[in-house]
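I opened this notebook to record what I looked up in one model. The entries follow in the order in which I made them.

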Amino acid sequence: MLEGGGFPVRRPAALGRLTDPFLLLDEMGPIDWPPGGAIGAPSHPHRGFETVTYLLEGMVQHQDSAGNSGLLTPGDVQWMTAGRGVIHSEMPPPDFLESGGVMHGFQIWVNLPAENKMMQPRYQDVPAAEIPTATSDDGLAKVVVVAGESLGVSAVIDTVIPITYLHISLLPGASLNQILENGLNGLVYCFGGALQVGEANEQVSDGQMAILTDGDEVTFSVPEDADEGAELLLLAGQPLNEPIARHGPFVMNTDEEIQQAFIDYQSGNFA
Ligand code: MN
């Protein structure tokens with residue numbers, strides 16, 4: 001599947017009611033761009049939700065209509081709350097474009113509650129060095145705490161509604177118990193190796209997504225005799241249970257609000 005100006009993404013599933021408030025999960029790449037070949041997402045609008053970019057390899061230059069700009073490098077997170085409207089571009093910076101190289105990362109979309117959809121846009125650009133990490137006592141499980149909490153470590157990013165966003169790396173023999181408040185929707189996306197999830201030891205392999213069922217904790221493990229470890233994202237959040245009207249880069253509650261978004265965008269009244 002291609003996104004933006006035509007870069008490849010892995011999209012494990014169409015997200016829906018079971019993944020509310022998460023609207024989209026895209027793994028960008030990994031792709032090894034040739035010199036001059038890297039493709040990004042030229043100028044486009046968003047309204048009514050948040051886009052969260054977490055880069056593992058490569059570089060992304062972002063720029064918006066309000067004059068904000070920044071460069072994402074490996075490990076950096078941009079949590080952008082589009083709110084009432086942002087027009088931005090997400091592009092390979094000139095030197096990366098020239099040299100080419102590996103690009104790998106994630107973009108997820110988090111819905112906003114009706115009462116927050118038209119809030120002022122907000123950026124949280126957090127460099128890798130400021131993203132907290134946690135390691136299990138035996139050293140076999142490492143967690144990058146983008147949002148929420150794991151192993152007693154809390155994120156620095158502030159979210160509109162409570163969200164857990166963890167990047168978990170498991171070595172063979174690792175077992176990580178993660179507390180999650182009951183009633184949240186949770187999903188697990190594996191992007192390297194394979195892991196076992198929950199009491200039933202359901203296997204989730206590279207490229208697969210699993211939806212978590214009710215409960216207040218979940219265990220992720222990799223058997224001791226496995227050839228390799230596992231890389232996964234854990235996302236959890238409180239379902240909004242509100243109507244969704246969605247058209248391309250706009251996610252509102254009603255068709256009228258979507259039409260208004262188009263009118264505002266086309267009349268230059270957007271951001
Ligand atoms: Mn965008």
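I began with Pro-30, which I found in strand β3. Helices (H or I, at least four residues) and strands (E, at least two) are DSSP runs, numbered from the N terminus. The bond between Gly-29 and Pro-30 is a cis peptide, with omega about 0 degrees. I noted another cis peptide bond between Asp-20 and Pro-21, with omega about 15 degrees. Pro-21 sits in the loop between β2 and β3 (22-33).

Before going on I wrote down the ground rules: the model is predicted, local features need pLDDT of at least 70, side-chain atom pairs count only at pLDDT 80 or more, and totals for chains, interfaces and linings use all residues. Residues are numbered from 1 along each chain as its sequence is written, and side-chain values use heavy atoms, with hydrogens and water left out.

Metal site. I listed the protein donors of the manganese ion as His-44 (NE2), His-46 (NE2), His-88 (NE2) and Glu-90 (OE), at 2.1 to 2.4 Å from the ion. Donors are N, O and S atoms within 2.8 Å of the metal (3.2 Å for Na, K and Ca); water is not among the atoms, so sites may look incomplete. Along the chain the donors of the manganese ion are spaced as H-x1-H-x41-H-x1-E. Buried means under 20% relative accessible area, exposed over 50%, and partly exposed in between (1.4 Å probe, protein chains only).

Salt bridges. My search of the whole structure gave six salt bridges. The criterion is a side-chain nitrogen of Lys or Arg within 4 Å of a carboxyl oxygen of Asp or Glu. Arg-10 and Asp-206 form one of these, at 2.9 Å from N to O. Arg-10 lies in strand β2 (residues 7-10) and Asp-206 in the loop between β19 (202-205) and β20 (209-212), so this pair ties together parts 196 residues apart in sequence. Arg-10 is partly exposed at 30%, and Asp-206 is partly exposed at 40%.

Asp-158 pairs with Arg-122, the closest N and O atoms being 2.9 Å apart. Asp-158 is in the loop between β15 (153-154) and β16 (163-170) and Arg-122 is in strand β11 (residues 122-126), 36 residues apart, and the pair links these distant parts of the chain. Salt bridges that share partners also join Glu-3, Arg-11 and Asp-26 into one network. In the salt bridge between Glu-3 and Arg-11, the closest N and O atoms are 3.0 Å apart. Glu-3 is partly exposed at 31%, as is Arg-11 at 28%.

Positive phi. Which residues other than glycine did I note with a positive phi? Asn-201 has a phi of about 50 degrees and lies in the loop between β18 (185-197) and β19. Asn-201 is partly exposed, with a relative accessible area of 42%. Asn-241 has a phi near 55 degrees and lies in the loop between β22 and β23 (245-247). Asn-241 counts as exposed at 64%.

Helix α2. I placed Ile-258 in helix α2 (residues 255-266). Ile-258 is buried, with a relative accessible area of 7%. Ile-258 and His-247 are eleven residues apart in sequence and 7.0 Å apart in space, C-alpha to C-alpha.
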